[in-house]
Amino acid sequence: MASKLQNLSSYNPDVLPAKHIVAGQKYGVVVADWNSQVTFKLLEGAVSALEDNGAVDITVTHVPGTFELTYAAKKLMQTGEYSAIIVLGCVIQGDTPHFDYVCGGVTQGITALNLEKDGCPVIFGVLTTLNLEQALDRAGGKLGNKGVEGAITAIRMANL
């Protein structure tokens, strides 16, 4: 049975806090430069969605690859300045187990950051796909933009 493809990034703005509340918060976005044809589209989606919903104080930090997202997110979190941090990356499966190590490591790292006392929410916006086409479908293509989804999640989590 074939699955119905749909844009998964639509959201109900009524579930978000008022724009003046979001405008008083600071958001961090950490983006991996590896697979930039995908990650920079995720970044565009995230920043646009944050701004569309009132955010004015957004810091963007670039790192070489997805594995480095955890370290950079932790450095931002340690400042105590952020309401939420979004990490954006893309790992495409290849012929070696490298995919498994990177995906597992960054997932565990972000989970650990979310469990830290006195931290802020760190939103997992990492695509883990079988091929470039699947990644592009999720970075502004026919399945939406996971960067947008990360931004909406960040706003909601910052305002629990």
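Modeller: Welcome! A nonpolar core is a set of buried Ala, Val, Leu, Ile, Met, Phe, Trp, Tyr and Cys residues joined through side-chain atoms within 4.5 Å. Please keep in mind that this model is predicted.

Colleague: Thanks! Which residues touch the most other members of the largest nonpolar core?

Modeller: That core has 26 residues. Those that touch the most other members are Y27, V38, L50, I86 and L88.

Colleague: Which element supplies the largest share of this core?

Modeller: At least two residues each come from strand 1 (26–32), helix 2 (36–52), strand 3 (84–92), strand 4 (122–129) and helix 6 (146–158). The largest share is seven residues, and they come from helix 2.

Colleague: What is I86 in contact with, leaving aside its neighbours within four places in sequence?

Modeller: I86 is one of the residues that touch the most other core members. Leaving those sequence neighbours aside, its contacts are G28, V29, V30, L50, I123, G150, A151 and A154.

Colleague: Now the salt bridge of K26 and E81: how many residues apart are the two?

Modeller: Their side chains meet at 2.7 Å, N to O. K26 is in strand 1, while E81 is in the loop between helix 3 (69–78) and strand 3. The pair therefore links distant parts of the chain, and the separation is 55 residues.

Definitions and conventions:
Residues numbered from 1 in each chain as written. Predicted model: local features only at pLDDT ≥ 70, side-chain atom pairs only at ≥ 80, totals over all residues. Heavy atoms only, no water. Buried < 20%, exposed > 50% of the residue type's maximum accessible area, 1.4 Å probe, protein only. Helix = DSSP H or I, 4+ residues; strand = E, 2+ residues; numbered from the N terminus. Contact = heavy atoms within 4.5 Å. Salt bridge = Lys/Arg side-chain N within 4 Å of Asp/Glu carboxyl O.
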